[in-house]
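Here are my notes for someone opening this one for the first time. Have a look at the picture, then read the points in order.

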Amino acid sequence: MSLPVKIINISRIYMFIKNETITENLIKELACHGKVGLDVSLTSCTTFKTGGSADILIEPFNEDSMISIIPVLTRAGVPFYVIGGGSNLLISDKGLRGAVL
């Protein structure tokens, strides 16, 4: 299943999480490990088709990419959630702050 990913313009600052700026460099680093989307609706990522948007949605290229993404997010202080295939998962209409894998 391919996640819906918006084409992003990485020439500006995108968002703030806990007063930390998600910068162009972080987005570029994440993009080396998977498809990256910003402010993406999670309704198409769950089997129940519910939920708001994720600040950052990352679809890792493979397992090694997944393993590489987690330290990048941790170093940047970005909270993250691993939802896998989104089966049997209800997400609030308020969405998820941080990154979703």
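This is a predicted model: local features need pLDDT of at least 70, side-chain atom pairs count only at pLDDT 80 or more; totals for chains, interfaces and linings use all residues.

Which element of the protein has the lowest mean pLDDT, and which the highest?

1. Strand β1 (residues 15-17) comes out lowest, with a mean pLDDT of 44, while α2 is the highest at 94. For the protein as a whole the mean pLDDT is 80, and 78% of the residues reach 70 or more.

2. Four strands make up an open sheet with mixed pairing, in the order β3-β4-β6-β5. At the edges stand β3 and β5 (80-81); each has a single partner strand, so one side of each has no neighbour in the sheet.

3. Strand by strand, β3 and β4 run antiparallel and are joined by seven bridges, with Ser-41 opposite Ser-53 in β4. β4 and β6 (residues 96-100) run parallel, with three bridges. β5 and β6 also run parallel, joined by two bridges.

4. α1 touches β3 and β4, and its direction makes about 125° with that of β3. α2 touches β4, β5 and β6, at about 140° to the direction of β4.

5. What sits inside? The largest nonpolar core has 13 residues, and Leu-30, Ile-56, Ile-58, Ile-69, Leu-73 and Ala-99 touch the most other members. At least two residues of this core come from each of α1 (24-31), β3 (34-41), β4 (53-60) and α2 (63-76). Apart from it there is another core, of nine residues, including Leu-42, Cys-45, Ile-83 and Leu-96. As for β4, seven of its eight residues are buried.

6. Is Thr-46 buried or exposed? Its relative accessible area is 2%, and buried means under 20%, so Thr-46 counts as buried. The Thr-46 side chain reaches the backbone nitrogen of Thr-50 at 3.4 Å. Leaving aside residues up to four places away in sequence, Thr-46 touches Gly-86, Leu-89 and Ile-91.

Notes
Residues are numbered from 1 along each chain as its sequence is written. Side-chain values use heavy atoms; hydrogens and water are left out. A nonpolar core is a set of buried Ala, Val, Leu, Ile, Met, Phe, Trp, Tyr and Cys residues joined through side-chain atoms within 4.5 Å. Buried means under 20% relative accessible area, exposed over 50%, partly exposed in between (1.4 Å probe, protein chains only). pLDDT is the predictor's confidence in each residue, from 0 to 100. Two strands pair if DSSP finds at least two bridges between them. A polar contact is a pair of N or O atoms within 3.5 Å; within protein, one must be able to donate a hydrogen and the other to accept it, and residues adjacent in sequence count only if both atoms are side-chain atoms. Contact means heavy atoms within 4.5 Å. Axes are lines fitted to C-alpha atoms, for helices over the stretch in contact, and angles run from 0 to 180 degrees between N-to-C directions.
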